[in-house]
Amino acid sequence: MFSDIRDYTMNSASCLSASTMVVPTINGSSAAMSARSSSNASGRIRTCSGQQPSTTKEAQMCFPKKQDKVKRRVIWGIEVVEELHWKGWELGKEMTKNLALKNLSLKIQKIKYRPPKTKFFFTVIPQPILLSPGITFTLPIFFRPLEEKEYKDQLWFEKAEGMFCVDLRALLPCHKLICPPSLQLPMCAVGDTAEAWFCLDNVGDLSTFFTWEFSSPFQMLPTTGLLEPGQACRIKVTFQPLMAVIHEVQATCWYGDSTKQKNSIQLQAVAKCAQLLVNIKQKRPEDQDAEGCQKVLYFGSVAVGCTAERQIKLYNPSVVSAPFRIEVGPDSLVKDQAFSCRTAHGIVPPGERKCVSVFFHPETLDVRTMDYVAITPSGCASQTLLKVVGFCRGPAVSLQHDCINFSWITLGAHAEKPLWIENREDCTAYFQFAIDCQESVFSIRPAFGTLAGKARMTLHCTFQPTHPIIYFRKVACLIHHQDPVFLDLLGTCHSDNAKPAILRPQHLTWYRTHLARGLTLYPPDILGAMLKEKKLKQDKNGALMIPSEDLEDKPPQRYPTIPPMTEFFCDGTSDMAIFPPPVSIEPVEVDFGACPRPEIPNPVPLCLMNHTKGKITVVWTHRPGCPFWVSPVTCDVPPLKSTALRLHFLPPHPNGLYEVELEAFAVYKVLQNYSNIEENCTVCPSWCLTLRARGHSYYPAFEHHIPQYSLDAPKLFPAVSSGEPSYRSLLLLNKGPMLMTFNLAPKSSSDIILRPSSGLVAPGAHQILLICTYPKGNSWKQHLFYLQFNFCPQYIKKLSMPRLEESLLVPTMGS
């Protein structure tokens, strides 16, 4: 070792002499010293500046620590470091560091130095150094360890003013993490969260694991980790107070071998109670209950399917942010709610205001809805309960007339009359006439459609009879979210040989009065004879009545006012009827099922019953090309007798869906000639019979086409008295490019009545369905009904789309 020192000393002596000046190189040191320093130091000390984190998470929390600045001092005009450190050294290997002395004075400085005392640190042979102003001299210091221990020494310098030294230290690798002594977090509201960050630095020489130990209400992330030498980690501190006090907690970081070393940081934070004042924006007179103490958000009357918005103001008068959450009172019976608030939670900054919107979107018609909105601030602040009230109204659709009289026309001709339909409300209305226009002598164009708010549409009603008889049909116009309205269509057809009595609107008025008085089951000739025999008489309106034999003069019976829903459901086609039907047919609905070609399905027998005391003539409307028809097309049925008919089905194309509503008119045979009628008040309209028939021609190997639809169905029926009917409407839209059929599946609840129970919906068209239930008792009960589409119940297992079975929740509420 000493020979190496002598060799280096002799070589250096040739470059440095007592009489020569130090010439600075480009980097401020001598060329020889710079070359030796860079060659010896390369690859010795490991830093994090060139390392890449292995994961994104590590990249976010760890980063290379900035190089520590070397502490320098100025002594008598000479700038020099306080000490030199050697780290990462290895036994038997020499490491070199350069000691720089810079002349900051304005005169030439003369410096002498003494070599280190120990044999582990050495330098070149001491020689006087002359430093010109602003010049830096670099002195190489060599370190060659022989044992694993810490080494200390000093290098002394002498000037005219005195002596000073630079400490030389070679440290063993060690674990050392440092962090700030304290951390002050922002002021925070009780129940809120405040955050702050600080850096944990690895200033040691070894990779170091660390673990934080802390207590509530503080949280620290990450709680554990690994830091490479020279690396730093950002520690996130979260403050979540539960009490409004000053919090001061000491967090301890354990690290090193067996986690015996530790470092601490003092966490300090202040928690306060937040306040939140709730007011209604743009108050109305209705926004107050009867006592004047409860806040009420009144929405008024809102059309079904529309959305109304009102706002509430939240004001925070406190000095901390006020977090809050808003909850609308949950309804355990209905999944959807009429009231909603899109702001489920939020924060109001100190001294600021925030407006929050509450929406009312009702779906249950003619119901006053009430609920509560709870505004709950975080922590110890009190909750504000806001009552929300709204009423749901539906469309107001009406017809220009309730009766269209086509008078009489000749067989083979047709008549057309206009009729407008109007919506007086501001919500969109869906309407549909319950008639199969292609299979009826009456047609309405369009038979279905939508009416915008405050809009009017012109309809065209057509009469094209097929036989010379009296025609009358009462057609219901179904409206989504509204009771149906009815239209009377009447006309008479004459031929060269048959000229029936002409039916007029006055005859309908008399007929309904006779219906209430039990006289409609008698034919016109019998009623005329009874009038002549004074067994009947006419009232002041010209209607027939039975003379009263009582002493008390009771007013004659009149046709009652029947609610539209009751009239639609109790039409005599099922077990429910307001008046006994004069003529009936069984069954009223026929499903042929699968009828693939070329096989021709067997006809289905029908039974037509005449419940009157007169002979009737029955005529079926038959359109050429219809896959369904009834034979015979015309027949006479004696009084109180029945006749057998046959329903035929012949699908014209394979793999098709077919659904029609066949129509027949039954009329007293005596009315076939106007000369048979002596009393005009005895003229009776015909009775319209309808028969729904359906079937398909799909082969067993062919899969039925997939229906694409949407169904707007109510989730809740209005509460009614026990035993009273409750009604609602459904809207079925065919969104696909092909025809779609529907029918009520047999496994549906028997407590549900659906009209129509089957049908066919064209592409882009809609079908309005009405449902009825008769709740019993005073408890909630759920009934399920199922709609089957396109005659294929297997779709429910195959399609990842809206289920082919739709269910409704039906309440049973007692009075």
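This is a predicted model: local features need pLDDT of at least 70, side-chain atom pairs count only at pLDDT 80 or more; totals for chains, interfaces and linings use all residues.
Me: Where does L640 lie, and what is its phi?

Reply: Here is the general idea. Most residues other than glycine have a negative phi, and most peptide bonds are trans. L640 has a positive phi, near 55°, without being a glycine. Its place is the loop between β47 and β48 (642-649).

Me: And N790: what is its phi, and is N790 buried or exposed?

Reply: The phi of N790 is positive as well, near 55°. N790 is buried, with a relative accessible area of 0%. You will find N790 in the loop between β57 (787-789) and α7 (795-798).

Me: Let's step back. How many helices and strands does the protein chain have?

Reply: The protein chain has seven helices and 57 strands. It holds 815 residues, and 48% of them count as buried. If you take contacts between residues at least 6 apart in sequence, 69% join residues at least 24 apart.

Me: Can we look at a residue in a strand? What does L267 touch?

Reply: Gladly! L267 is part of strand β21 (residues 261-272) and is buried, with a relative accessible area of 0%. Leaving aside residues up to four places away in sequence, L267 touches L183, F218, M220, V237, H247, E248, V249 and A251. Another pairing to look at is L267 with S182: they are 85 residues apart in sequence, while their C-alpha atoms are 5.9 Å apart in space.

Me: Now a helix. How many residues of α4 are buried?

Reply: An α-helix has 3.6 residues a turn, so residues three or four places apart point the same way. In this model α4 is mostly covered, with nine of its 12 residues buried. Among the buried ones are H507, L508, W510, Y511 and H514. The cover over the buried residues of α4 includes β32 (403-410), β38 (470-479), β39 (482-494), β41 (544-545) and β50 (687-696).

Me: What distance does α4 reach from its first C-alpha to its last, and what follows α4?

Reply: α4 reaches 17 Å, close to the 16 Å expected at 1.5 Å a residue. After α4 comes G518, with a positive phi near 75°.

Me: How many cavities of 30 Å³ or more does a search find?

Reply: Rolling a probe the size of a water molecule over the atoms shows where empty space is left. Here, a search of the whole structure finds two cavities of 30 Å³ or more. The second largest cavity holds about 60 Å³ of space.

Me: Which helix gives the most to the lining of the second largest cavity?

Reply: That is α4 (residues 505-516), which contributes three residues. The lining of this cavity includes W510, Y511 and H514, along with L519, T520, C681 and C684. By class, the lining has eight nonpolar, three polar and no charged residues.

Notes: Residues are numbered from 1 along each chain as its sequence is written. Side-chain values use heavy atoms; hydrogens and water are left out. Helices (H or I, at least four residues) and strands (E, at least two) are DSSP runs, numbered from the N terminus. Buried means under 20% relative accessible area, exposed over 50%, partly exposed in between (1.4 Å probe, protein chains only). Contact means heavy atoms within 4.5 Å. On a 1 Å grid over the protein atoms alone, a cavity is a set of points where a 1.4 Å probe fits but cannot get out, and a pocket is an open set with protein on both sides within 12 Å along at least five of seven lines; lining residues have an atom within 4 Å of a point. Grid points are joined across faces, edges and corners, and a volume is the space filled by probe spheres set on the points. Ala, Val, Leu, Ile, Met, Phe, Trp, Tyr, Cys and Pro count as nonpolar, Asp, Glu, Lys and Arg as charged, and the others, Gly among them, as polar. The expected span of a helix is 1.5 Å times one less than its number of residues.
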